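Subject: Structure for you to look at

Hello,

Please find the structure we spoke of below. My notes on what turned up in it follow.

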Amino acid sequence: MRSELTGGGVVGPTGPTGPTGPTGAARRLVVVIVAYGSPDTLAACLAALEGAYPVTVVDNSSSVESARLAAAHGASYDDPGTNLGFAAAVNRALADLDLAVDDVLLLNPDAIVSPGTIERLRRVLVERPRVAVTAPVQQAPGSVTADRVWWPFPSPWGLWVEAVGLGRLRTGRRAGFVIGSVLLVRGEALIDVGGFDERFFLYDEETDWQRRAVGRGWQIVLCDEASALHEGGGTDHDERRRELRFHAGTERYLRKWFGPLGWQAGRAAVVLGAVIRGVVLRGDRRRAALRRAGIYLVGPDRLARRAGVVPSAVERIPVLSSRRS
């Protein structure tokens, strides 16, 4: 079920249609929220936007309450009738946009971001025409410490570095990605790179897309002048399910970019590091480490599919184009 409701126009210092791109053409910003879990988080997310931008809610949980909230906030509501996962749900929303003039803010329902923060992010795209993606600094509600949102691209070598306790050497911003909880993506980059790879159900889809973008000469930027709140895990409180989905995403990413041998090398590193931690740690941390070793010994993708928390991996990257071409 898809219902179209009127969203608000962008109101800011650059006028109702927002900043202009490098060619001088006015650009629109559209917020895309993939909803799942408690409607309470979606309510807070929508309220923080203050009706300043057109919003599309793709509701993977088919929630009557989420549909009501979308209508109350003037957002478009799309119920695909099943849980598509993040990548496929985003692609569904992108298919309705004119990416020649639309930039897209991908926003988790458990994230809180103000129009002021969004406008700071938009300026990054205006001032730096080769930036495909930018994201704000983020922290958990009630915390005064910023969470880590910039990470190096995963690799078998990187997993071995972490396994031997040298992960701190990989904390710079030379080559990496920003997490997908609050992600402003340039429409023209989406046309160039394509949509999100739907083999990724919930995790690593933004990592894969940003790696593809970097490979085509685009840049990824963390905007230190912008900040947002992000609960983290707020859309799914089943820790076991989240864990399986997270590591299944890691396996699919390594298999895609480094092949079977790269996956086996990375898998061995994770098992070794987890076993070492299982020996030296105690309590819950020891149990978590040994559980991770067990997941990687069996294979996280196999376990996740067996548990029914991810579908089989099928590559699908939709071609995105201007609707005016």
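Helices (H or I, at least four residues) and strands (E, at least two) are DSSP runs, numbered from the N terminus. In that numbering, Ser 62 belongs to the loop between β3 and α2 (64-72). Please keep in mind that this is a predicted model.

Ser 62 has a phi near 50°, which is positive although the residue is not glycine. Its relative accessible area is 32%, so Ser 62 is partly exposed. A second case is Asp 204, with phi near 80°, again positive in a residue other than glycine. Asp 204 sits in the loop between α6 (187-193) and α7 (205-215). With a relative accessible area of 9%, Asp 204 is buried. Most residues other than glycine have a negative phi.

Strand β2 and its neighbours

Strand β2 covers residues 28-35, and seven of its eight residues are buried. Six bridges connect β2 with strand β5 (residues 102-107), and the two run parallel. Within that pairing, Arg 28 is opposite Asp 102 in β5. Strand β3 (residues 55-59) also runs parallel to β2 and is joined to it by five bridges. Here Val 32 has Thr 56 of β3 as its bridge partner. Between β2 and β3 the chain passes through helix α1 (residues 39-49), and this β-α-β crossover is right-handed.

Arg 27 lies in the loop between β1 (2-3) and β2. Its relative accessible area is 7%, so Arg 27 is buried. From Arg 27 to Leu 99 there are 72 residues in sequence, while their C-alpha atoms are 9.4 Å apart in space.

Salt bridges

How many salt bridges does the structure hold? The count is 20.

Arg 92 pairs with Asp 78, with 2.6 Å between the closest N and O atoms. Because Arg 92 is in helix α3 (residues 86-94) and Asp 78 in strand β4 (residues 76-78), the pair ties together parts that are 14 residues apart in sequence. Arg 92 is partly exposed at 31% relative accessibility, whereas Asp 78 is buried at 3%.

Arg 122 forms a salt bridge with Glu 119, and the closest N and O atoms are 3.2 Å apart. Both residues are in helix α4 (residues 115-127); they are three residues apart, so about one helical turn separates them. Arg 122 is buried, with 5% relative accessibility. Glu 119 is buried as well, with a relative accessible area of 11%.

Arg 316 and Glu 198 meet through their side chains in a salt bridge of 2.6 Å, N to O. This pair links distant parts of the chain, 118 residues apart: Arg 316 is in the segment after α10 (300-306), and Glu 198 is in the loop between α6 and α7. Arg 316 is partly exposed, at 45% relative accessible area, and Glu 198 is partly exposed at 22%.

Nonpolar surface patch

Which residues form a nonpolar patch on the surface? They are Trp 160, Val 164, Leu 166, Leu 272, Val 275, Ile 276, Val 279 and Val 280, with about 660 Å² of accessible area together. Helix α8 (residues 239-280) gives the most to the patch, with five residues. Val 275 lies in this helix. With a relative accessible area of 37%, Val 275 is partly exposed.

Cysteines

A search of the whole structure for disulfides finds zero. Cys 45 counts as buried, at 0% relative accessibility. Cys 223 is also buried, at 4%.

Regards

Notes. Residues numbered from 1 in each chain as written. Predicted model: local features only at pLDDT ≥ 70, side-chain atom pairs only at ≥ 80, totals over all residues. Heavy atoms only, no water. Buried < 20%, exposed > 50% of the residue type's maximum accessible area, 1.4 Å probe, protein only. Pairing = 2+ DSSP bridges. Right-handed = clockwise from strand over helix to strand, strands pointing away. Disulfide = S-S within 2.5 Å. Patch = residues over 30% accessible without salt bridge, like charges linked within 9 Å, V, L, I, M, F, W, Y side chains within 5 Å. Areas by Shrake-Rupley, 256 points an atom, 1.4 Å probe, with all protein chains shown as cover. Salt bridge = Lys/Arg side-chain N within 4 Å of Asp/Glu carboxyl O.
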